[in-house]
Amino acid sequence: MSALFSAGDRVLFIDSKERRYLVTLEDGGEFHSHAGFVPHASVIGAREGVSLESTKGARYVVMRPTLEDFVLEMPRGAQVIYPKDLAPIAMLADIAPGHLVFESGIGSGAMSMTMLRAGATIVGYELREDFANRARKNVESFLGSDALARFDVHVRDSYAGINTPPQGRFDRAVLDLPEPWQVIPHLPAVMHAGGVVVAYTPSITQAVRVRESLARERGEWVAMRTLEVLHRTWHIEGESVRPDHRMVAHTGFLTAARLLNARD
């Protein structure tokens, strides 16, 4: 049974049209929309799934946000990797509890939260301090302050090189930046043999450059592959069953490879 809502909790207001609104509950606060407002006091002390009515008669169901909800609605400074790619990246990279992950291109922290919740420890490089700060705040907001102990973000340029952290070599590397092929040559010196790298690139020409970089390091990378994930929802209402008119088709290409030989 879930705990009662309290001040400081992140909650999701869902209206009759399935529109979602991410809200932080506050003593004396109010949730406002075009359909009136709901006092936060009506939510605080209630259980998840409570149904409420606004001052203009609109109905809302209040739930705790899932990670997918939070990624789509959270404050962001950079474009995020969307949920349809977050899960495949975590699977391709084989993220698991205890893995030490190098992440470059932290952005707003969507990928970071996915890996932290899977139990990984992250050392991240981000060029922009405002992005790094935003990612830390988003991680703390959704996962709690304890997760920050496994989230070590540095304002650094991964193109210039990667330092081996005090914990030892990395088990995994996840790259979401414009030119990941500039990072690939640095990885064998800081990763364990058998480690996995996954690069997320919006264009196929970027993916080709990543594959060329992996192939150039002959004898160091194996099991190379590139794929994209398509996401099509369906309209199901009575006898009307068909694909939705809109679908989330291309967002990016995922390129994965395994390190055969670590470099001293």
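Ile236 lies in strand β13 (residues 234-237). Strands here are DSSP runs of E with at least two residues, helices are runs of H or I with at least four, and both are numbered from the N terminus. The model is predicted, so local features need pLDDT of at least 70 and side-chain atom pairs count only at pLDDT 80 or more, while totals for chains, interfaces and linings use all residues. Residues are numbered from 1 along each chain as its sequence is written, and side-chain values use heavy atoms, with hydrogens and water left out.

Ile236 counts as exposed because its relative accessibility is 67%. The cut-offs are as follows: buried means under 20% relative accessible area, exposed means over 50%, and partly exposed lies in between (1.4 Å probe, protein chains only). Strand β13 pairs with strand β14 (residues 240-243) in the antiparallel sense, over four bridges. Two strands are said to pair if DSSP finds at least two bridges between them. Within β14, Val241 is the bridge partner of Ile236. The two strands, β13 and β14, form a hairpin with two residues between them. Gly238 sits in the turn and has a positive phi of about 60°.

Ile236 and Val241 also meet at the surface. Together with Trp234, these residues form a nonpolar patch with about 340 Å² of accessible area. Patch members have over 30% relative accessible area and no salt bridge; nonpolar side chains (Val, Leu, Ile, Met, Phe, Trp, Tyr) are joined within 5 Å, and like charges within 9 Å. Areas come from the Shrake-Rupley method with a 1.4 Å probe, and for residues only the protein chains shown count as cover.

Strands of a sheet pair through backbone hydrogen bonds, either parallel or antiparallel. An open sheet of seven strands has the order β9-β8-β7-β10-β11-β15-β12, with mixed pairing. Strands β9 (151-154) and β12 (221-228) stand at the edges. Each has a single partner strand, so one side of each is left without a neighbour in the sheet. Neighbouring strands of this sheet are turned by 15° against each other on average, direction ignored. Axes are lines fitted to C-alpha atoms, for helices over the stretch in contact, and angles run from 0 to 180 degrees between N-to-C directions. Strands β7 (residues 100-104) and β8 (residues 121-125) run parallel and are joined by five bridges. Glu103 has Gly124 in β8 as its bridge partner.

The interior comes next. In soluble globular proteins, nonpolar side chains tend to be buried together. A nonpolar core is a set of buried Ala, Val, Leu, Ile, Met, Phe, Trp, Tyr and Cys residues joined through side-chain atoms within 4.5 Å. The largest such core has 38 residues. Those with the most contacts inside it are Ile89, Met111, Met113, Met115 and Phe151. Several elements each supply at least two residues of this core, among them α2 (83-92), α4 (129-143) and β11 (191-201). Helix α3 gives the most, with five residues. Seven of the eight residues of α3 are buried, so this helix is largely enclosed by the rest of the structure. The buried residues are Ala110, Met111, Ser112, Met113, Thr114, Met115 and Leu116. Gly119 follows α3 and has a positive phi, near 100°.

Charged side chains were examined for salt bridges. A salt bridge is a side-chain nitrogen of Lys or Arg within 4 Å of a carboxyl oxygen of Asp or Glu. The count by this rule is nine. One of them joins Asp9 to Arg64, with the closest N and O atoms 3.3 Å apart. This pair links distant parts of the chain, 55 residues apart. Asp9 lies in the segment before β1 (10-15), and Arg64 in the loop between β6 (59-63) and α1 (67-73). Asp9 counts as buried because its relative accessibility is 18%, whereas Arg64, at 26%, counts as partly exposed.

Arg19 forms a salt bridge with Asp15, and the closest N and O atoms are 2.7 Å apart. Arg19 is partly exposed at 35% relative accessibility, while Asp15 is buried at 7%. Arg20 forms a salt bridge with Glu18, where the closest N and O atoms are 3.7 Å apart. Arg20 is partly exposed, at 32%, and Glu18 is exposed, at 51%. Glu18, Arg20 and Asp69 are linked in a network of salt bridges.
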